[in-house]
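The following note concerns the contacts between the chains and between the domains of the entry shown below.

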Amino acid sequence: MSPELLFEQALNGLSFGALLFILAAGLSLVFGMMDVVNLAHGAFYMLGAYVALSVVQRTGSFWLALVVAPLALGILGVILEPLLLRRLRGRHLDQVLLTIGVSLVIVDQIGAIWGREVRSLAAPAGLDGSVPLVGGEYPVYRLFVIGFGVLLAAVVSVVHQRTKVGMLIRAGVEDAEMLGALGVNTDRLFAATFAVGAALAGLAGVVAAPVFGLQPGMDGDALIYSLVVVVVGGLGTLGGAIAGSALVGPADTFGKVLFQEFALAVIFAIVALVLLFRPTGLLGRIRVAR
Amino acid sequence: MTGLKKNGGTTTGNVAPPLGNADFAPFVTQIKNQPTKNVYSFFSGADAIGFIKTWNSLGLPAAGYKMYGAGFLTEQDVLKEVKDLANGAITSLFWAVELDNAENKSFVSAYQRQYTLLPDVFAVQAYDGMHALDEALKKIGADTSDPDKVSKALEDVSFKSPRGDFMFDKNTHNPVQDIYIREVKTQNGQTVNTISDKVAKVTDPGK
Amino acid sequence: MTAMLEVRGLHAYYGESHVLQGVDLTIEAGHAVSLVGRNGAGKTTTLSAIAGFLRPRRGVIRIGGVDVTGVAAHRVAHAGVALVPQGRRIFSDLSVHENLVVAARSVDGGWTEEKVIGLLPALGRRLAVSGDQLSGGEQQMLAIGRALMRNPRLLLLDEPSEGLAPKLVEEVGVALAHLRAGGLTILLVEQNLALASAVGERMYVMNKGAIVFSGAAAELAAAREIETRYLGI
């Protein structure tokens, strides 16, 4: 591979990794706080993309969609958590099963509302072209995705480390029950956490739509990749989501082109290796089961 | 690839995205690693849309690359999403919306009365399938009690389809039909496959 | 006068196992009570039920006369109860300062970070250090300090001496004596009988999910039979 192509592939991998971060951050947050692997995360992602499609069709504004879709998913999350998950509090496997049901319902409703054919979403004006770069042209939108992902990671990190909300999240991820004994309403904290997780999935759906398009089955792909990221990075930690997506994005890209026959095997080989040598993920810590 | 070599062509390499792949950029970038600028691909539906959009955003048309493929790559379900991004792509298939025959004209206009879209090849396949069944059932007076009779009647069906003359190969039960060489063009605001050539009465070699 | 804590006929289960079998316990405001007993007697479960971690099957829990039976932990906390749990459960990802802040409730005349450091000077030098860097003793001091930041009316402690060197156990005892002298109501669960009888003016002995003895610390010391049978001394 020539240096130019290597550079271009690196950009491909980084932009994929940036998308994975947006996607996996929400999954990781919900798992960290609530000990629930939300298997509806992919469906939330898909719904975010379709809501964005409708917003763009009505208003023509991608930027409005970038706000509305996460908001809509956040509202859905804040309704679903008390309505369904809270009733099974403490029964983690039942909650996981429940999220599978939620995802089936959402995906089916998307089919009923938006149809089952393949759709695509144009990148917003100004980001829809390509710029000359080493090795030829490169799409501006993918550069935007990298920037957006990095910016989001930076903002989320600052919130996580420097704010009262971040402090509550770190404490809750470690021991939500104890936080309750210190007067924090964990019902509200969990509903808010689930809403933020859903909103992040929706945000990922909007950002990904111009790159990957919208089609049945996109929920499953998104779910699997985000699970890979959080398992590799370390379950339930923000640093883990960042490290995991920074590794999995480029690894997947280079794996696909260098080992074509084993394209999908590459990332799972990484998962296996990480689990073998660091069972809690790159930046994970051992969780004390209570 | 076998056919290409038999007729004096050569290939320089291949790139194979796994099924259900969402990100085409790694593969399209990898095409730039090849010494040739003629690229044949086999995609349909979501994959075709992803491939064509990525192909354009990574600047392959501007760099002189040319897109070829099996007709599903540029069927109407794909073209309605990618529009003129697919212009210039050359593909082969047994039908195209622009095909100039009486059956196709009435099929396309009837379809458009029902739906607001141009029909795609999948609509033609479903339509022909029902047509063939209808012809066969007429022949046996709708008496389906003997499966062998139904099968035999289907074998003998031949009719004028939107794709041209249609009949079955008695040995393989594949259709015998004309294959059209098509080029994607945007005309009158619609992106469609125009017919540039035709290979008559092709029997599918598959069994 | 209403009691600060009143537990009546409390029954609780872990799954199928009947852990609490009718616990009765009363603490008057400003008093300190120690709850002792062997491992598995149900002491921690009693605290869990009071703190709102575990919903009792039967019975009543009142804080200052208000029924808090089966309510969520945060509502128990708002009723004025603070817990120093078994195993300390400090937030190891948070700094000492953050551990205190996350619990803080701005109530007039209450505890502040400065006041906590005044009582537990060991924390003062470690404010910026994250919880997982603390020694066992420092973690215990932090767990106590964190609970105090809630401005509790009733402080529950679950084996604060666990795993601590004798000198540190002594420090914990001094701090608790100070709190008691300040009028705080205390329920101390302890295996360390010396600490338990130093802090608690009244002793409850628990066995198989029920209270089997209650009386002054001196009375328990005199009741050799109780000590032998239920405490293994």
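1. A polar contact is taken here as a pair of N or O atoms within 3.5 Å, where, within protein, one atom must be able to donate a hydrogen and the other to accept it. By this rule, 10 residue pairs are in polar contact between chain A and chain B, both residues of each pair being at pLDDT 80 or more. The threshold applies since this is a predicted model.

2. Chain A contributes 28 residues to the contact with chain B, and chain B contributes 26 residues. The area buried between chain A and chain B is about 2200 Å², and carbon and sulfur atoms account for 51% of that area.

3. Three salt bridges are counted between chain A and chain B. A salt bridge joins Glu81(B) to Arg119(A), with 3.7 Å between the closest N and O atoms. This distance falls inside the cut-off, which requires the side-chain nitrogen and the carboxyl oxygen to be within 4 Å.

4. On the side of chain A that touches chain B, at least two residues each are supplied by α1 (3–34), β2 (136–139), α7 (186–212), α9 (238–258) and α10 (263–277) of chain A. Helix α1(A) provides the largest share, with five residues. Sorted by class, this side of chain A holds 12 nonpolar, nine polar and seven charged residues.

5. About 1900 Å² is buried between chain A and chain C, with 56% of the area on carbon and sulfur atoms.

6. How many salt bridges are found across the interface of chain A and chain C? The rule finds three. Asp175(A) forms a salt bridge with Arg89(C), and their closest N and O atoms are 2.7 Å apart.

7. Chain B and chain C do not touch. The nearest C-alpha atoms of chain B and chain C lie 37 Å apart.

8. Within chain B, the domain assignment gives domain 1 (2–93) and domain 2 (102–168). The centres of domain 1 and domain 2 of chain B, taken over C-alpha atoms, are separated by 31 Å. Six residues of domain 1 of chain B are in contact with six residues of domain 2 of chain B.

9. Between domain 1 and domain 2 of chain B, about 500 Å² is buried, and carbon and sulfur atoms give 76% of this area. The count of salt bridges between domain 1 and domain 2 of chain B is zero, and one residue pair, with both members at pLDDT 80 or more, is in polar contact across their interface. Helix α4 (residues 76–82) of chain B supplies the largest share of the side of domain 1 that touches domain 2, with three residues. By class, that side of domain 1 of chain B has two nonpolar, one polar and three charged residues.

How values were computed
Residues are numbered from 1 along each chain as its sequence is written. Chains are lettered from A and ligands numbered from 1 in the order in which they are written. This is a predicted model: local features need pLDDT of at least 70, side-chain atom pairs count only at pLDDT 80 or more; totals for chains, interfaces and linings use all residues. Side-chain values use heavy atoms; hydrogens and water are left out. Domain bounds come from an automatic or database domain assignment. Contact means heavy atoms within 4.5 Å. Buried area is the accessible area (1.4 Å probe) that two parts lose on being put together, summed over both. A polar contact is a pair of N or O atoms within 3.5 Å; within protein, one must be able to donate a hydrogen and the other to accept it, and residues adjacent in sequence count only if both atoms are side-chain atoms. Helices (H or I, at least four residues) and strands (E, at least two) are DSSP runs, numbered from the N terminus. Ala, Val, Leu, Ile, Met, Phe, Trp, Tyr, Cys and Pro count as nonpolar, Asp, Glu, Lys and Arg as charged, and the others, Gly among them, as polar.
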